[in-house]
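My notes follow, roughly in the order I made them.

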Amino acid sequence: SGPLAMKLLQYADLSSTDMALVDDLVDTEIRTVKAGGDLVREGDHIHFLKIVLDGWGCRYKLLENGSRQIVAFLLPGDLCNPVFPVAGTIDHSIGAIDKMHCALVLSDAVELVRTQSPRIRLALGIEGTATLAIQREWTRNVAARSARQRIGHLFCEIAHRLRAIGVATSDGFDSPLTQIHLAEATGLSTVHVNRVIQDLRARDLIHWQGGRITMPDPAALEAYCHFRPTYLQFGR
């Protein structure tokens with residue numbers, strides 16, 4: 001099954017028929033966005049539900065000085081916008097971190113699947129709840145945690161989200177992120193991010209080699225940055 005079906009399976013007990021319905025839902029028009037490009041820009045009109053099939057993206061806001069604040073990372077299986085948009089325009093931009101493929105799904109198609117399967121309807125509802133919870137946790141991350149805890153907490157969250165769709169191991173994951181992305185997501189300078197990464201490496205909490213982020217002792221990292229995965233809503 002694809003990443004959306006795998007993700008929704010973490011929220012509800014989906015049958016093989018349910019999984020097939022979800023996979024059929026995203027078997028539609030595909031939009032490809034090159035690394036560094038935008039899927040949508042702030043102020044664009046919303047016409048489709050956009051779902052990440054592969055690649056990584058981010059939600060971001062441009063600041064008055066031209067710098068960028070990343071407010072969410074979008075991973076395979078993530079919905080880029082709400083199932084039922086209540087506004088005609090989007091209030092933020094969505095960019096690709098590496099080459100990203102997104103399915104463009106009509107709201108009517110989603111509603112049909114929700115009608116056919118109460119379990120999928122439940123899973124989509126929990127997915128929306130989890131998305132809001134992640135946003136709140138990001139706010140707390142930037143506002144209340146130390147720089148080392150911010151970076152560590154972000155790595156823990158990404159690891160859990162990638163494991164849910166079967167593309168991460170118990171001790172790490174492949175990632176297209178750069179230290180610039182981390183700086184934009186945590187409110188730190190790139191110089192500060194580099195120092196934090198070196199410090200976490202010295203504590204043997206993370207290793208970052210090329211495009212691979214390894215956590216030698218995930219439990220120790222989670223304890224260090226006070227990570228509690230319950231807000232992700234997995235394993236319900």
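Helices (H or I, at least four residues) and strands (E, at least two) are DSSP runs, numbered from the N terminus.

I keep in mind that this is a predicted model, where local features need pLDDT of at least 70 and side-chain atom pairs count only at pLDDT 80 or more, while totals for chains, interfaces and linings use all residues. Numbering runs from 1 along each chain as its sequence is written, and side-chain values use heavy atoms, with hydrogens and water left out.

**Entry: helix H6**

I began with H6, residues 179-186, and found it mostly covered, with 6 of its 8 residues buried. Those are His181, Leu182, Ala183, Glu184, Ala185 and Thr186. What do the buried residues of H6 pack against? I looked for contacts, meaning heavy atoms within 4.5 Å, and got E5, H4, H5, H7 and E9. Just after H6, glycine 187 has a positive phi of about 75°.

**Entry: helix H5**

Next I checked the length of H5, residues 147-164. The expected span is 1.5 Å times one less than the number of residues. For the 18 residues of H5 that gives 26 Å, and the end C-alpha atoms are 26 Å apart, so the two agree. I also counted 16 of the 18 residues as buried, so H5 is largely enclosed by the rest of the structure.

**Entry: cysteines**

How many disulfides are there? My rule is a pair of cysteine sulfur atoms within 2.5 Å, and by it the count is 0. For cysteine 102, the closest cysteine sulfur is in cysteine 80, at 4.3 Å, which is too far for a bond. Cysteine 156 is in no disulfide either: its nearest cysteine sulfur belongs to cysteine 225, 3.9 Å away. Cysteine 102 is buried at a relative accessible area of 0%, and cysteine 156 is buried at 1%.

**Entry: cavities**

A cavity here is a set of points, on a 1 Å grid over the protein atoms alone, where a 1.4 Å probe fits but cannot get out; lining residues have an atom within 4 Å of a point. Points are joined across faces, edges and corners, and a volume is the space filled by probe spheres set on them.

I found 2 cavities of 30 Å³ or more. Of its 22 lining residues, Lys7, Asp78, Thr131, Ile134 and Arg161 are the closest to the centre. Strand E5 (68-74), helix H4 (118-144) and H5 each supply at least two lining residues, and H4 gives the most, with 6.

To sort the linings, I took Ala, Val, Leu, Ile, Met, Phe, Trp, Tyr, Cys and Pro as nonpolar, Asp, Glu, Lys and Arg as charged, and the others, Gly among them, as polar. The lining of the largest cavity then splits into 14 nonpolar, 2 polar and 6 charged residues.

The second largest cavity holds about 30 Å³. Its lining is Val40, Ile46, Lys50, Asn81, Ile90 and Ile94, or 4 nonpolar, 1 polar and 1 charged by class.

**Entry: glycine 77**

Glycine 77 sits in the loop between E5 and strand E6 (93-96). Buried or exposed? Glycine 77 is buried, at 0% relative accessibility. Leaving out residues up to four places away in sequence, glycine 77 touches Pro3, Leu4, Lys7, Ile51 and Val52. Its C-alpha is 7.8 Å from that of aspartate 54, 23 residues apart in sequence.

Most residues other than glycine have a negative phi. I noted aspartate 204, with phi near 60°, in the loop between helix H7 (190-202) and strand E9 (207-209). Aspartate 204 is partly exposed at 40%. Glutamine 233 also has a positive phi, about 70°, and is found in the segment after helix H8 (218-224). Glutamine 233 is buried, with a relative accessible area of 17%.

Conventions: Buried means under 20% relative accessible area, exposed over 50%, partly exposed in between (1.4 Å probe, protein chains only). On a 1 Å grid over the protein atoms alone, a cavity is a set of points where a 1.4 Å probe fits but cannot get out, and a pocket is an open set with protein on both sides within 12 Å along at least five of seven lines; lining residues have an atom within 4 Å of a point.
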